[in-house]
Structures are given as structure tokens and as C-alpha cells.
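Please look at the sequence and model first.

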Amino acid sequence: TEKLISEGKVRRGIIGIVGQFYHIPTKIKESNNIHNKSGVLIQNIENKANISNSELYKGDVIIGFNEHKILNIDDLHRFLDESTIGEKVSLNILRSGELINISVIPGEIN
């Protein structure tokens, strides 16, 4: 709220995805030793000039952002704040049932 009052806007980060809530099956949680019950399933990826997201794939499930659990799209939005714009961030991803770590560089929502 302070930023909105002082600058007239709040800067937010974006990683260029369309995602939805995804319930992680017990078998995948157990085989990867993860405790998230859910994550964000990537349905579509937008390639924009100010975002580096080439390591993301449609069908990936985001379950972590810089060591924070991601259980839903609201969690992801909360961590994509002004401090992440243009900075490399680490994502924990489930891809084809395997846990991997990748990096993205968020852009700014215009």
C-alpha cells in the first residue's frame, strides 16, 4: 500500500505462464519425498522479451519458489514481488513425475 501511495503503482513480477491448481498424487509425492499436497500446473507459456523462462515446459508443476512452498497460484503471485523483477529465481518443478530445479528471470507486469 505504501508503494501505491508514494509511486502511484505497485511493481509485480511475472514469469509468463498460465497455470492452474494441481493436486499432486500420493505416488509422486512419495517417490520424490516432497510434502506439498498441491502446486501450479503450467497450461501455457508466454515468451516475452523481458522474461527468461525457456526452462519451463507446458505440463510442469511448480511446487517451490526460492525455497518457499508453492501450493497454488496465489502463493506464486505473492512471491513474484518487485524484488524478483530481473533477478534469477529458483523453481522446484515436477516434470514427468520427477523433481527438478530450474531457474527463471521474471519480468515486470506492465
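The structure holds 1 aromatic pair, where rings of Phe, Tyr and Trp (its six-membered ring) pair if their centres lie within 6.5 Å. The model is predicted, with pLDDT of at least 70 needed for local features and 80 or more for side-chain atom pairs, while totals for chains, interfaces and linings use all residues. Residues are numbered from 1 along each chain as its sequence is written, and side-chain values use heavy atoms, leaving out hydrogens and water.

**Aromatic pair**
- F65 and F79 form the pair, with 6.0 Å centre to centre and 15° between the planes; it is stacked, the term for planes under 30 degrees apart, against edge-to-face for over 60 and tilted for the rest.
- The pair links distant parts of the chain, since F65 is in strand β4 (residues 61-65) and F79 is in helix α3, 14 residues apart.
- Helices (H or I, at least four residues) and strands (E, at least two) are DSSP runs, numbered from the N terminus.
- Both F65 and F79 are buried, that is, under 20% relative accessible area, with exposed meaning over 50% and partly exposed in between (1.4 Å probe, protein chains only).
- R78 lies over the face of F79, 5.3 Å from the ring centre; the criterion is NZ of Lys or CZ of Arg within 6 Å of the ring centre and within 35 degrees of the ring normal.

**Largest pocket**
- The largest pocket holds about 190 Å³ of space.
- A pocket is an open set of points on a 1 Å grid over the protein atoms alone, where a 1.4 Å probe fits, with protein on both sides within 12 Å along at least five of seven lines; lining residues have an atom within 4 Å of a point.
- Grid points are joined across faces, edges and corners, and the volume is the space filled by probe spheres set on them.
- Of the 13 lining residues, G13, I14, I17, H77 and L80 are the closest to the centre of the largest pocket.
- Two or more lining residues come from each of β1 (13-14), β2 (17-23) and α3 (73-79).

**I73**
- I73 lies in helix α3 and is partly exposed because its relative accessibility is 28%.
- Not counting residues up to four places away in sequence, I73 touches G19 and V40, contact meaning heavy atoms within 4.5 Å.

**Loop residues with positive phi**
- N33, in the loop between α2 (26-32) and β3 (38-45), has phi near 50° and counts as exposed at 62% relative accessibility.
- N66, in the loop between β4 and β5 (68-69), has phi near 45° and counts as partly exposed at 32% relative accessibility.
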